[in-house]
Amino acid sequence: MMMFKFLFSLVFIIPMIFSSDYWVFQFILIVLTVLFLFVGSGYSYEWFNLSGFLGCDLMSFGLILLTFWVIFLMFLASQKIYGENNYKSYFMFVNLLLVMFLFLTFSVTNLFLFYLFFECSLIPILCLILGWGYQFDRVQAAMYLFFYTLFASLPFLFCMIYIFWNSFSLNYLFFSFNIINSCNFFIYFFMILAFLVKMPMFLVHLWLPKAHVEAPVSGSMILAGVTLKLGGYGLMRTLNIFFSMNVKFSFYFIVLSVLGALLVSMICLIQIDLKSLVAYSSVVHMGMLLGGVFTLSNWGMMGAYLLMISHGLCSSGLFCLINIIYERMGSRSILVNKGLINFMPSMTLWWFLLCSSNMAAPPSLNLVAEILLINSLIMWFKYMAILLFILSFFSATYSIYLYSFSQHGELNLGNYIFSYATMREYLLLIMHWFPLNFLILNCEIFTLVFI
């Protein structure tokens, strides 16, 4: 019943939105986050709090907690909406809908309900991009996001009907290995296509940079922090149905993912928009994640899950840093934002810490995730080590490029002012960096997910 209580708590907040203060609503979200943290403490890796169509295991528990945490930080980052009174009540309402849909997506135990809330979570993100985006191109970016996801997920609905006819259940608890013996490649492909687009995989990733560049900071945070993880979560839940098909065809997906990650890491080196660079780096991380998931090994699954948590915190923090600079300089171009160590010296440390976490430097949680993923891929095919070596080199290169080109160099002559960060911005960055680097002390809890 605990999951229903949390759902009802979220529903009953709706009438408060148009009467309560912005910061009161944010306080309620952090209280719910802390309460939910205690719900899962002390449980084993089995399912718990099963009730009706809702339930939770360690995999969904970590992602629900990440959802609450990132949406709380979205309010902390969106001070400008509160300060300018830019439809702040509607902003609160859209974010509450978003947290409800994501909570339900990660906590339902039925595949059809997962598909329903998976699609519903798209609507608040569209509202964020269209309503609070920066430029007129946000309409095109929203359409890219909408039609990419919708086009790929419609065949998923028909595949679910096929699964129901064969297994007479759409509940995760009744899925077993190779439950569908008569399926063909098309059923397998269309079943996972919706998740590959949502990740996104290389070749179907073009909606992501557009959506990130045009979205407000809150939209970029939730896209990078949680929404991309819907694809990985869906793959982990459904790939065991098609075990025999995956053994035959996983080679092509793994090679495409790793080669795509390698190509995109080179594309990162020619980006001049800071947001676009971080968005493309997300595609690189998701390529490695996909490679680990398709190996279907314990190490690959554990590494993918750890990367989902760590990337959600790290990438969200980088978007916050870019927004802090954008609010002061009025530009995200790396040609304008040079020599920022002179402009905001206090922020240079945070740029260094988050860029080093993005390249999987210790003691970041990214390090453990990439060690597990690299080992799983080398165990799957030993010559993959060559590609992974080059990929790791270019991942470090674009992270250093992001840090050095923005912080060092000749300061733009139009910026004679010196700017300082507020306590709110320091708190925002600390609350991204602290769990990202200190969860490594207790990372064995994540390994219980796939025992």
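## Nonpolar core

The largest nonpolar core has 169 residues, and F36, F103, I222 and F294 touch the most other members. Such a core is a set of buried Ala, Val, Leu, Ile, Met, Phe, Trp, Tyr and Cys residues joined through side-chain atoms within 4.5 Å. Buried means under 20% relative accessible area, exposed over 50%, partly exposed in between (1.4 Å probe, protein chains only). Helix α15 (residues 298–329) gives the most to this core: 18 residues. Helices are DSSP runs of H or I, at least four residues, numbered from the N terminus.

F36 is in contact with M3, F6, C56, F61, I64, L65, F68 and F103, leaving aside neighbours within four places in sequence. Contact means heavy atoms within 4.5 Å.

## Model basis

This is a predicted model: local features need pLDDT of at least 70, side-chain atom pairs count only at pLDDT 80 or more, and totals for chains, interfaces and linings use all residues. Residues are numbered from 1 along each chain as its sequence is written, and side-chain values use heavy atoms, with hydrogens and water left out.

## Aromatic pairs

The structure holds 41 aromatic pairs. Rings of Phe, Tyr and Trp (its six-membered ring) pair if their centres lie within 6.5 Å; planes under 30 degrees apart count as stacked, over 60 as edge-to-face and the rest as tilted. F114 and Y233 have ring centres 5.8 Å apart and planes at 50°, so this pair is tilted. F114 lies in helix α6 (residues 111–120) and Y233 in helix α12 (residues 229–238), 119 residues apart. F114 is buried at 1% relative accessible area, and Y233 is buried at 0%.

F185 and F249 are also tilted, at 4.6 Å centre to centre and 55° between the planes. F185 is in helix α9 (residues 185–198) and F249 in helix α13 (residues 243–268), so the pair ties together parts 64 residues apart in sequence. F185 is partly exposed at 31%; F249 is partly exposed at 22%.

## Charges over rings

The charged end of K198 sits over the ring of F118, 5.3 Å from its centre. R332 lies over the face of Y326, at 5.2 Å from the ring centre. The criterion is NZ of Lys or CZ of Arg within 6 Å of the ring centre and within 35 degrees of the ring normal.

## A buried glutamate

E425 is found in helix α20 (residues 423–438). E425 counts as buried, at 2% relative accessibility. Leaving aside neighbours within four places in sequence, E425 is in contact with I324, E327 and R328.

Methods. Helix = DSSP H or I, 4+ residues; strand = E, 2+ residues; numbered from the N terminus.
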